Amino acid sequence: MRGRSRGILLVVWLLALAGLGWMVSQRLKISTDLRSFMPAPTTPDQRLLMEQVGDGPGSRLLLLSISGAPDPQLATLSQGLVAALKHDKRYSQVINGNFDLGALDTSLLPYRYLLSPTLDTQPLDQAYLSDQLQQRLDDLSSPAASLLKGLLPRDPTLETLKLAELWAPAKSPEVREGVWFSPQDEALLLVQTVAAGFDPGAQQQAIDGIRQAFHALPGSAGAKLELSGPGYFSVVIGAQTRHQADWIGRVSTIGFVALLLLAYRSFSSLLLSALPIASAGLAGIAALTVAFPDVHGLTLAFGFTLLGVAQEYPIRVLSHRRAGEDAVQSVRALWPLLLTAIASACIAYLAFYASGVNGLKQLAVFTIVGLLVAGFSTRYLLPHLLPRRVRDVADMRWLMRARHVVDRLPRPRWIPVLVAAAIVLMLAIAPGPFWQNNLAALTPLPQDMLLHDARLREALGAPDVRYLLILQAPTEQGVLALSETLQPKVDALVAKHAVDALDLPSRYLPTVALQLARQKKLPDQATLRHALDEALQGMPFRADLFQPFLDDVAVARQLPPLTPARYAQSPLGQRLAATLVQRDGHWLGLGTVSGVHDVTALRALGENTNGTVRLLDLKAASESLVVDYRTRILQALLAAAVLLVLTISFALRSVRRAWHVLAPMTLATFLVLAVERMAGIEISLFHLVALILAGGLGLHYALFFERDTGDPAEQRRTLHATIVCVLSALLVFGMLAWATIPVLRAIGLTVSLGVAFHFCLSILMAPHTHVAED
Amino acid sequence: MLSLTLPLWASASASEPAAPSSAHTLIAALGHPAPAHTAFAEARFMQVLDRPLVVSGELSWLGGDKLQRRVDKPQAETATIADGEVTQERVGKSPRHFSLKRAPQLQVLLDSFVALLSGDAGRLQQAFDVRQTGDIDGAWTLMLTPLDARVAKTIASITVEGNTKESRCMFMQEADGDLTIDLLGVLASRMPAAPTREGLQALCRDTH
């Protein structure tokens with residue numbers, strides 16, 4: 001191609017890239033919801049688990065601790081923070097212990113007669129009132145007098161205190177200086193955000209708001225504010241992943257550029273060979289913006305990593321250039337093999353699509369589109385741009401020596417048998433469980449953050465996160481009724497110390513039926529006034545003192561029963577709303593459990609209830625989720641493997657040659673698995689993903705080593721290309737292996753090991769050149 | 001007599017706020033080794049009531065921050081303050097617990113009583129603004145105003161009156177106007193059946 005048309009092609013290509021870039025910038029919406037990288041739930045329990053993990057009130061809770069100053073100062077800071085955040089729209093609840101959790105909203109106070117169990121057993125008659133008033137008189141002469149002096153005129157029977165006792169959490173932190181303190185002398189706060197827990201963007205805003213409010217407080221300079229909770233974690237994960245990916249990306253890019261310059265000694269080749277990759281990335285993102293409403297940030301991060309395979313295509317072309325030969329010709333000779341490699345990689349990545357996990361599906365679309373674009377642009381566009389004159393790498397002295405060494409390597413037929421035996425042995429004696437089923441292990445969270453969270457949760461008396469008692473009924477009221485009938489059995493369990501506490505929805509709100517029954521028992525104004533006057537005979541109380549009480553009872557007689565919807569405006573109502581969930585035309589009540597000592601007894605609550613009451617083990621549900629997920633990936637991989645064998649056999653038109661390609665690849669894959677298992681690593685889904693990537697790279701090595709041209713120079717070029725590919729892969733993934741984020745590390749380590757094993761085994765198991773010639 | 005002493009008081013507290021050293025001397029002189037017990041009779045004048053509530057029993061400082069208030073009449077009841085928690089026990093009922101933080105009245109009682117009974121002037125001055133009239137040789141008055149703004153919202157002031165080494169009366173003035181008067185020691189037996197504020201004040205000052 002002449003210089004001018006070359007220039008035009010380059011400009012058109014660049015313009016096309018700019019167009020794609022513009023389209024992407026207009027359409028790309030990055031999502032950060034980490035759940036798209038979790039397996040899709042299939043059973044009702046799993047779905048409940050995912051909801052609780054994402055939007056449930058628990059996931060919107062931020063746990064705050066303030067430390068590093070004397071108690072009074074910490075308490076002042078805690079109070080100041082609550083005052084600053086209270087009316088902020090980003091937070092639905094801010095509490096620090098300086099409140100009566102049991103306190104009813106003033107507007108709901110008359111409801112106390114419908115909510116408190118008193119009327120179930122005790123009418124508001126003269127006998128009861130005189131007994132109560134006598135007790136109040138005793139109270140007034142006791143040290144507790146100032147506690148109830150204000151309450152007395154409105155609530156002489158202390159229903160509000162009975163409700164407070166009923167609603168008091170089983171365990172709450174120590175209150176010092178009027179606010180919560182942990183045993184480690186930190187002031188503790190709970191903040192519930194309006195935003196969902198796994199929406200790191202909105203969580204970031206909420207967290208920034210808290211930090212700003214804190215730093216604006218006088219005296220906050222010396223004190224330390226620490227956060228925890230799912231929302232905070234999602235922000236930290238996002239920031240950490242971005243930070244590490246940037247850092248690793250920069251270092252490996254520099255290394256990569258240096259490597260290619262060293263290998264090809266040509267700037268223009270280097271710059272031009274970046275075009276297919278750039279096209280691949282942009283086309284991949286563009287495809288995502290068309291196929292999905294939003295693109296996950298992790299998809300892009302992992303996607304560009306996986307696109308590393310595509311970097312091989314231009315490298316192969318560059319290494320296989322011959323002196324004086326047109327680049328188009330070199331590519332034409334390579335193309336059948338390159339096409340096989342592209343097709344195989346695409347098949348392997350299809351397995352991600354079959355996993356059913358949204359994030360992995362996106363990853364599959366991105367990488368497959370990217371690989372195809374990179375491959376075809378390498379074949380049909382790049383060669384027309386490459387400089388005509390190149391140095392033939394086949395003439396390099398070190399390469400000749402290297403090829404000589406490789407050719408003389410012994411390639412005994414027993415090598416595959418030996419390696420296979422070693423793999424079986426290592427897998428057999430490897431320590432620990434084979435699979436990592438813990439969903440938490442997939443969440444890239446540092447251990448110390450989890451420990452800090454566990455400590456705060458324990459101090460704040462947050463319920464056990466493992467078990468939930470599920471109550472199911474056709475209606476909301478049905479759930480509450482079920483909860484009411486269950487309460488005596490639950491009380492018995494708590495008395496037997498099978499559990500420390502079990503918090504049922506009806507604890508916060510009785511059924512409408514029960515409220516109406518209580519309402520019926522309230523005396524009318526005249527009757528109550530008469531009873532009260534009689535009871536007051538001979539008592540020192542001021543005559544008109546109890547008018548507010550009479551008024552409240554009169555109001556309570558007319559009230560519509562309290563429903564969860566009406567209740568929802570108050571903090572307690574929100575707590576109730578968190579435990580009532582509508583699902584598929586029925587309602588679920590969630591009973592939170594703390595301090596489980598006897599799971600069997602707890603599970604027995606569900607006996608003979610036809611499944612309307614059951615104990616949900618969130619850990620078991622999450623593990624079953626992971627097992628399902630893995631089974632599906634493994635099935636998809638099996639299908640992909642069969643397809644791969646067929647594709648390679650068809651492309652090479654020989655089962656024997658296919659064996660030479662597939663055997664080293666398969667052995668190397670299992671060898672990585674065996675070595676990681678021997679190192680005590682439990683295999684997670686991310687290891688599987690990384691094994692697939694390494695397999696794709698290994699396939700290239702085997703394909704090219706197997707290719708027998710009978711031309712020693714061409715074989716030297718093959719070796720050159722493969723060495724450059726191996727070194728660049730080791731560079732990029734070796735860097736990833738240094739990451740502190742478990743997922744990145746799992747991928748980095750697995751791919752690095754894989755690349756090394758694939759390289760060695762494809763050399764050792766390649767058909768011997770001389771043998772082939774015989 | 002009241003008319004005579006009141007102006008005197010007022011002028012005394014206004015004109016000569018006690019020097020810290022003399023308050024130290026007085027309070028130190030009042031100290032007893034733990035456990036210290038004293039009989040008390042208490043009258044509460046409250047807005048919610050037409051007539052005052054009267055109880056009597058024994059106050060004990062058990063050492064440290066442990067204080068016990070035992071009521072014998074009209075109904076047996078014991079309140080114990082220990083480790084920031086109040087335990088209230090009444091015959092035939094299960095004990096009630098609440099945090100000291102929720103009962104500023106008790107916090108004040110604890111601070112003032114323990115300090116007085118232990119003779120710890122420093123502690124007293126940590127919790128209160130202390131004003132003194134008279135001294136250990138004769139009749140004296142300690143007027144304590146809580147320094148903690150939150151406590152002051154409930155308890156306006158405490159006045160302790162005494163003669164030589166003996167505390168005779170304690171007046172707890174609440175911010176809402178309610179008043180509690182405790183007659184201490186030998187004076188406890190002289191609580192009238194129908195006490196009035198003025199009558200009790202006179203009784204306190206009547207050292208004969």
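Colleague: How many helices and how many strands does chain A have?
Modeller: This is a predicted model: local features need pLDDT of at least 70, side-chain atom pairs count only at pLDDT 80 or more, and totals for chains, interfaces and linings use all residues. Residues are numbered from 1 along each chain as its sequence is written, while chains are lettered from A and ligands numbered from 1 in the order in which they are written. Helices (H or I, at least four residues) and strands (E, at least two) are DSSP runs, numbered from the N terminus. Chain A has 33 helices and 13 strands.

Colleague: What percentage of the residues in chain A is buried?
Modeller: A residue is buried if 20 or more other C-beta atoms, placed from the backbone, lie within 10 Å of its own, exposed if 12 or fewer, and partly exposed in between. Chain A has 774 residues. The buried share of them is 43%.

Colleague: Which residue of β6(A) is the bridge partner of A:Leu61?
Modeller: Strand β6 (residues 187-193) of chain A is largely enclosed by the rest of the structure, because six of its seven residues are buried. Two strands pair if DSSP finds at least two bridges between them. Strand β2 (residues 61-67) of chain A pairs with β6(A) in the antiparallel sense over six bridges. In β6(A), A:Leu61 is partnered by A:Gln192.

Colleague: And in β6(A), what is the bridge partner of A:Ile95?
Modeller: Strand β3 (residues 91-95) of chain A also runs antiparallel to β6(A), joined by four bridges. Facing A:Ile95 as its bridge partner in β6(A) is A:Leu190.

Colleague: Which residue of β12(A) stands opposite A:Leu471?
Modeller: Strand β9 (residues 467-473) of chain A runs antiparallel to strand β12 (residues 586-596) of chain A. Six bridges join them. Opposite A:Leu471 stands A:Gly589.

Colleague: Which residue of β12(A) stands opposite A:Leu580?
Modeller: Strand β11 (residues 580-583) of chain A pairs with β12(A) in the antiparallel sense over four bridges. The residue opposite A:Leu580 is A:Gly589.

Colleague: What is phi of A:Asp584, in the turn between β11(A) and β12(A)?
Modeller: The two strands form a hairpin, with two residues between them. A:Asp584 has a positive phi of about 45°.

Colleague: What is the bridge partner of A:Ala501 in β12(A)?
Modeller: Strand β10 (residues 499-503) of chain A is antiparallel to β12(A), with four bridges joining them. A:Ala501 has as its partner A:Ser594.

Colleague: How far apart are the axes of helix α13 and helix α31 of chain A?
Modeller: Axes are lines fitted to C-alpha atoms, for helices over the stretch in contact, and angles run from 0 to 180 degrees between N-to-C directions. Helix α13 (residues 312-319) and helix α31 (residues 712-736) of chain A pack at an angle of about 145°. Their axes lie apart by 9 Å.

Colleague: Which residues of α31(A) make the contact with α13(A)?
Modeller: Two residues are in contact if their C-beta atoms, placed from the backbone, lie within 7 Å. On the α13(A) side stand A:Glu312, A:Ile315, A:Arg316 and A:Ser319. From α31(A) come A:Arg717, A:His720, A:Ala721, A:Val724 and A:Cys725.

Colleague: Which element gives the most to the side of chain B that touches chain A?
Modeller: In all, 23 residues of chain B are in contact with 19 residues of chain A. Elements giving two or more residues to the chain B side are β2 (53-61), β4 (77-82), β5 (85-90), β6 (96-99) and α3 (104-118) of chain B. The most, three residues, comes from α3(B).

Colleague: Where in chain B does B:Pro74 lie?
Modeller: A cis peptide bond joins B:Lys73 and B:Pro74, with omega about 0°. B:Pro74 lies in the loop between β3 (67-73) and β4 of chain B.

Colleague: Is A:Gly219 buried or exposed?
Modeller: A:Gly219 sits in the loop between α9 (200-216) and β7 (224-228) of chain A. Leaving aside residues up to four places away in sequence, A:Gly219 touches A:Gln73, A:Thr76 and A:Leu77. With 12 C-beta neighbours inside 10 Å, A:Gly219 counts as exposed.

Colleague: Is A:Asn608 buried or exposed?
Modeller: A:Asn608 is in the loop between α27 (599-603) and β13 (613-617) of chain A. Phi is near 55°, a positive value in a residue other than glycine. Because 7 other C-beta atoms lie within 10 Å, A:Asn608 is exposed.
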